[in-house]
Amino acid sequence: MPPAAPRLIDRDDLVAALDRAAAGKVTVISAPAGSGKTSLLRAWADRPGQPRRLALVQVPRGQQDAQQFWLALLGAVRHAIGADGSADSGEALPAATPDFDASAMVDRVLSELADAHGGVTLVIDDLHELLSPEAPTQLTRLLTSLPPQTHAILTMRHDVRLRLRLTGELAEIRAADLRFSELEARELLDASGITLADQDCVGVHPVRAGG
Ligand SMILES: Nc1ncnc2c1ncn2[C@@H]1O[C@H](COP(=O)(O)OP(=O)(O)OP(=O)(O)O)[C@@H](O)[C@H]1O
Ligand SMILES: [Mg+2]
């Protein structure tokens, strides 16, 4: 069994900010390692009453293989659509093939998203780990062609070569937004049993606060 995820300090304002951002087409959460990107996603995705169907993909470290990425995304979309039992196609994922056609795969994902009544939100964590050179072009095409009611949230440690600003529907959450407030930092430290002098506790990132 995987170890239980550590309890997160509530960051309701940030969760609400992500919710507002996610009303647009594409949200990029871009900040260095340990800034709290995944934790924010987790808090947002798991919050009670989350009404969206989420297709979640975590890009493995150093992913060179675009095909593996797209198969994982297609699988996540199908899982999201089938999760409420209403529309699972039951179709097996295509087998990996040496003739992989990324462009055809983008069309396929778009078509399955278009058929998903009520829409799906794609959530891709650690996009900077996708190292396949052609992936940004295909991903840009996916993100700029998303059907109605479909949204995407991407996290990355540094900007990835996506040409998204053209869509006019890009929202961004950056390191400054993720920084813990003094109150949040105190709560985090209290939870760890650490007491600091007043001046030591301003504007920290979570990983620094913990370590
Ligand atoms: N709200 C929170 N409450 C408690 N701890 C938190 C919170 N947010 C982040 N942390 C802690 O800070 C550390 C870094 O957070 P997280 O893994 O979310 O960062 P990240 O930006 O996703 O980093 P990476 O780029 O390495 O994936 C984790 O150990 C996490 O438990
Ligand atoms: Mg992370």
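Let's start at the ligand: an oxygen atom of ligand 1 sits 2.9 Å from an N or O atom in the side chain of Thr38. That falls under the heading of a polar contact, meaning a pair of N or O atoms within 3.5 Å (within protein, one must be able to donate a hydrogen and the other to accept it, and residues adjacent in sequence count only if both atoms are side-chain atoms). Keep in mind that this is a predicted model, where local features need pLDDT of at least 70, side-chain atom pairs count only at pLDDT 80 or more, and totals for chains, interfaces and linings use all residues. Residues are numbered from 1 along each chain as its sequence is written, chains are lettered from A and ligands numbered from 1 in the order written, and side-chain values use heavy atoms, leaving out hydrogens and water.

Who else is around? There are 18 residues around ligand 1, and Ile9, Lys37, Thr38, Ser39 and Arg157 come nearest; a residue is near if one of its heavy atoms lies within 4 Å. Helix 2 (37–45) and helix 8 (206–210) each give two or more residues to this shell, and helix 2 has the largest share, with three. Helices here are DSSP runs of H or I with at least four residues, and strands are E runs of at least two, numbered from the N terminus. Domain 1 (12–178) and domain 2 (179–211) each supply at least three shell residues, with bounds taken from an automatic or database domain assignment.

Five strands form an open sheet in the order 2-3-4-1-5, with parallel pairing; strands pair if DSSP finds at least two bridges between them. Strand 2 (54–58) and strand 5 (170–174) stand at the edges with a single partner strand each, so one side of each has no neighbour in the sheet. Further in, strand 3 (residues 121–125) and strand 4 (residues 151–156) pair in parallel over four bridges, and Val123 has Ile153 in strand 4 as its bridge partner.
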